Amino acid sequence: MRGRISNKLGEILIDQNVIALYAGTTAVECFGIVGMAAVSMKDGLVKLLKRESLTHGINVAIQDDHMAIDFHVIVAYGVSICAVADNLIENVKYKVEEFTGMEVDKINIYVEGVRVID
């Protein structure tokens with residue numbers, strides 16, 4: 001489903017992939033986030049995604065003019081997961097709401113792994 005915003009001049013449709021890419025770019029800029037993760041259901045393996053495929057670790061669900069975003073992330077070793085998650089939620093919520101004009105109701109974060117940063 002697409003995000004739909006109506007005003008007196010017409011309608012604006014925003015594709016979920018556009019929102020996912022913007023949210024993913026914002027997320028990897030947050031301290032403590034190594035990157036997005038793709039989980040293989042077949043093997044149960046977690047793979048760190050490259051910047052070109054950030055949207056595979058993000059799911060955007062849009063209902064009317066509200067949305068929920070799920071992140072599958074890999075965090076840096078030695079950081080507080082709670083602090084990283086709070087920072088991620090705050091930054092993504094603010095920037096996505098400013099970008100789309102739609103309200104973000106829920107952000108779910110699934111920590112799929114921990115990596116040591118070089």
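The model is predicted: local features require pLDDT of at least 70, side-chain atom pairs count only at pLDDT 80 or more, and totals for chains, interfaces and linings use all residues. Residues are numbered from 1 along each chain as its sequence is written, and side-chain values use heavy atoms, without hydrogens or water. The mean pLDDT of the chain is 85, on a scale of the predictor's confidence in each residue from 0 to 100. A score of at least 70 is reached by 83% of the residues.

The chain holds two helices and seven strands. Both are DSSP runs, numbered from the N terminus: helices are H or I with at least four residues, strands are E with at least two. Their order along the sequence is β-β-α-β-β-β-β-α-β. Of the 118 residues, 34% are buried, meaning under 20% relative accessible area with a 1.4 Å probe, protein chains only. The exposed surface comes to about 7,400 Å², by the Shrake-Rupley method with a 1.4 Å probe. Carbon and sulfur atoms supply 52% of that surface.

Helix α1 spans residues 16-28. Its buried residues are I19, A20, A23, G24, T26, A27 and V28. D15 caps the N-terminal end of α1. A side-chain oxygen of D15 lies 3.1 Å from the backbone nitrogen of N17.

T100 belongs to helix α2. T100 is buried, at 5% relative accessible area. Its side chain makes two polar contacts (N or O pairs within 3.5 Å, one able to donate a hydrogen and the other to accept it; residues adjacent in sequence count only if both atoms are side-chain atoms). One reaches the backbone oxygen of V96 at 2.8 Å. The other reaches the backbone nitrogen of M102 at 3.1 Å. Beyond four places in sequence, T100 touches I5, I14, I19 and M67, with contact meaning heavy atoms within 4.5 Å.

Strand β6 (residues 66-76) is largely enclosed by the rest of the structure, because eight of its eleven residues are buried. Strands pair if DSSP finds at least two bridges between them. Strand β5 (residues 58-63) runs antiparallel to β6, joined by six bridges. Q63 stands opposite H66 in β6. The two strands form a hairpin with two residues between them. In that turn, D64 has a positive phi of about 55 degrees. Strand β7 (residues 103-115) runs parallel to β6, joined by eleven bridges. Here M67 stands opposite V104.

Notes: The expected span of a helix is 1.5 Å times one less than its number of residues. Buried means under 20% relative accessible area, exposed over 50%, partly exposed in between (1.4 Å probe, protein chains only).
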